[in-house]
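Here are my notes for you to read alongside the model. Keep the viewer open and look up each residue as we get to it.

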Amino acid sequence: MAEVEETLKRIQSQKGVQGIIVVNSEGIPIKSTVDNSTTVQYAGLMHSFIMKARSTVRDIDPQNDLTFLRIRSKKNEIMIAPGKSPSASGFQASC
Amino acid sequence: MEIVYVYVKKRSEFGRQCNFSDRPAETNVDIQPDPSQATNFIERDPIDAAIQCASDMSEHEVNTERFEMENEGVNHLEGGWPKDVNPLEMEQTIRFRKKVEKDENYVNTIIQLGSLMEHCIKQNNAINIYEEYFDEEETADVADEPPSAKTINVFRDPNVIKRTATHLSWHPDGSKKLAVAYSSLEFQRSSKDMSYESYIWDLENPNRPDLVLRPSSPLVSLEYNPKDSHILVGGCYNGQIAYWDTRKGGQPVELSTVEFSHRDPVYGMIWLQSKTGTDCFSASTDGQVLWWDIRKLTEPTETLVMDISRKGVLENALGAIALEFEPTMPTKFMVGTEQGVVITCNRKAKTPAEKIVGTYSGHHGPIYALARNPFFPKNFLTVGDWTARIWSEDSKESSIMWTKYHMAYLTDGCWSTIRPAVFFTTKMDGTLDVWDFLFKQNNPSLSVKVCDEPLFSLRLQDNGRFIGCGSKLGTVTLLEVSSGLCTLQRNEKNLATAMFERETKREKILEARHREMRLKERTKAEGKEEDVKVETEEEKPEEQLARVQKEFFEIIEAEIRRKERAAKLSRAQEKEVTDENEDEDLYKEE
């Protein structure tokens, strides 16, 4: 528990970091350093994006997996570290 | 084994008509299998056979019909919460969160991801890999690509009965919107079903106009207020002036009274520079130029009658079509008329007679466009009949430069806002010409066929890159010109200045000479009346012959003399050379 706090604090203290959001596999934000509305917005938007990116990588090479995702924009960069594959996804047989 | 089938037909039966009949099948030959033949063949094992297991595919083409799209926003609140947790209740959410945090899996994952995240953040902080690397090197000489123009978008008149797009005006900031005035300019051609509406289009959405303006009579000209981008003023077909505020919707905020307005369609409408930003002036073919203050459209603040004899008589007045006003010279303005004359006027003159300063005539037909060069305000462009002409304010007799006579009537023109020697013109055959006078003066640098119907109006966006052209059927085409035509070349300003000065000087010299000749003729005409009739001797034929003979012999003798002189000269030169040689020999001997 304390290690979690320590890790998050370490990340937050890095130069240029504006905020951290921890989201579980269902898309529910668990921990956040920014206000609720921003958290909800990011969580909702990122969830589908991560799904898409992950499925793309795995479609190209099933042995591969998504390790990190960076979205660089004019004003800032969103960095996403996805956890293990969510329990919700299944393997779809193509027809 | 030979198989033969024989049939017989009598000669007398040849040529008879065919009589077809049906009969059951007959076996002609029956060949039984012969196992002894198998010994001639060897069985082969294994065999390579290629097969393909692929699904059958077929190709279909489908084209959807155009459908209307509308953009709408969706508000997403919060989701994903399990059924027992109410997302609005703070306690339940906190409890849920705490439960998740206690999970061991969670802790491990976070630590692992945390280190990964830290690594990337440090990477970012260490070096910015997306920085501008080659900033210092400017783009090398722009490749001499041929000039080109590309159609970006097309806005069509949504009504069934198409009207001409007579005037275009870009939105003052950002130029994301385009206001187009639609009306039918042909005399008495407008049917009663023709709609009076004019539209403001948003460049992103060519399917539906952004705003619909509903005047009481079709709009012939329409202009955005450069100071306040919500205000537009428009001149109607029946001579009234109306102004709109886009925040208030499609109905005009105010309309001028019929008695004091123009009596003919208002072809020209320009905003003036004033402290209040509400002054504008309008011109129409009834011969008047009226000044208005938007706040009080009941009557014009000032009037001027376009009468060149400076008497202010309306009957003699010339119909005004094009207006020109340069904000840097607020007291002067120019009017282009139906009769092909450009009139310069001074607004601040004391008497109406002095208001008209000068005239320039040179066109055979109505002047449809009048524009000052934004870089050289002394030179202006007029477009009318079959040519486009460039004038200098100093030379009043004729234009300093002009294009050749085209096959089709020219309808509109304007200068480029970036390059001083480039201007655009539109023609009745639907082509847009781009002229670069520094490069080529006989032909346009680029001629683009925009559409099949005549083009009536043209407007360049302030950045000089996009042009909107309006056609007879109400189609407004948005074109983008290639970068060569809208980036300032080096030395262009100097070259253009030199060219204009040179042409102006030439015109001045020509004018001076004309004046001298006229003066001479006038004095000669006066002089001749005083002299007695001068007799002119007529040469008799014999005298002519004698004279000719004499001249002939004179020429021959002159030739002979010349040849002798040349021969003497060459002989003298030879002697010199031999003398030199002798000297040399003598020298050598010594």
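1. Start with Glu118(B), which counts as buried because its relative accessibility is 8%, and the cut-off for buried is under 20%. Keep in mind that this is a predicted model. Lys122(B), at 45% relative accessibility, counts as partly exposed.

2. Those two residues form a salt bridge, with the closest N and O atoms 3.7 Å apart. Why is the spacing in sequence worth a look? Glu118(B) and Lys122(B) are four residues apart in helix α2 of chain B, so about one helical turn separates them.

3. Glu118(B) also reaches across to the other chain: it forms a salt bridge with Arg10(A), and here the closest N and O atoms are 2.7 Å apart.

4. Now zoom out to the whole interface. On the chain B side 29 residues are in contact with 28 residues of chain A. The area buried between the chains is about 2700 Å², and carbon and sulfur atoms give 63% of that. Glu118(B) turns up again here: together with Glu101(B) and Met117(B), it supplies 19% of the area that chain B buries against chain A, more than any other three residues.

5. The rule also finds three residue pairs in polar contact across this interface. Which elements of chain B give two or more residues to the side that touches chain A? They are α1 (90–102) and α2 (104–126). α2(B) gives the most, with 17 residues. Sorted by class, that side of chain B has 15 nonpolar, nine polar and five charged residues.

6. A quick look at chain A itself: it has two helices and four strands, in the order α-β-β-α-β-β along the sequence. Of its 95 residues, 29% are buried.

7. Back in chain B, compare another pair. Glu393(B) and Arg372(B) form a salt bridge with the closest N and O atoms 2.6 Å apart. Glu393(B) sits in the loop between β20 (387–392) and β21 (401–402), while Arg372(B) is in strand β18, so the pair ties together parts that are 21 residues apart in sequence. Buried or exposed? Glu393(B) is buried, at 15% relative accessible area, and Arg372(B) counts as buried too, at 5%.

Key
Residues numbered from 1 in each chain as written. Chains lettered and ligands numbered in written order. Predicted model: local features only at pLDDT ≥ 70, side-chain atom pairs only at ≥ 80, totals over all residues. Heavy atoms only, no water. Contact = heavy atoms within 4.5 Å. Buried area = accessible area lost by both parts, 1.4 Å probe. Salt bridge = Lys/Arg side-chain N within 4 Å of Asp/Glu carboxyl O. Polar contact = N/O pair within 3.5 Å; in protein donor to acceptor, adjacent residues only side chain to side chain. Nonpolar A, V, L, I, M, F, W, Y, C, P; charged D, E, K, R; others polar. Buried < 20%, exposed > 50% of the residue type's maximum accessible area, 1.4 Å probe, protein only.
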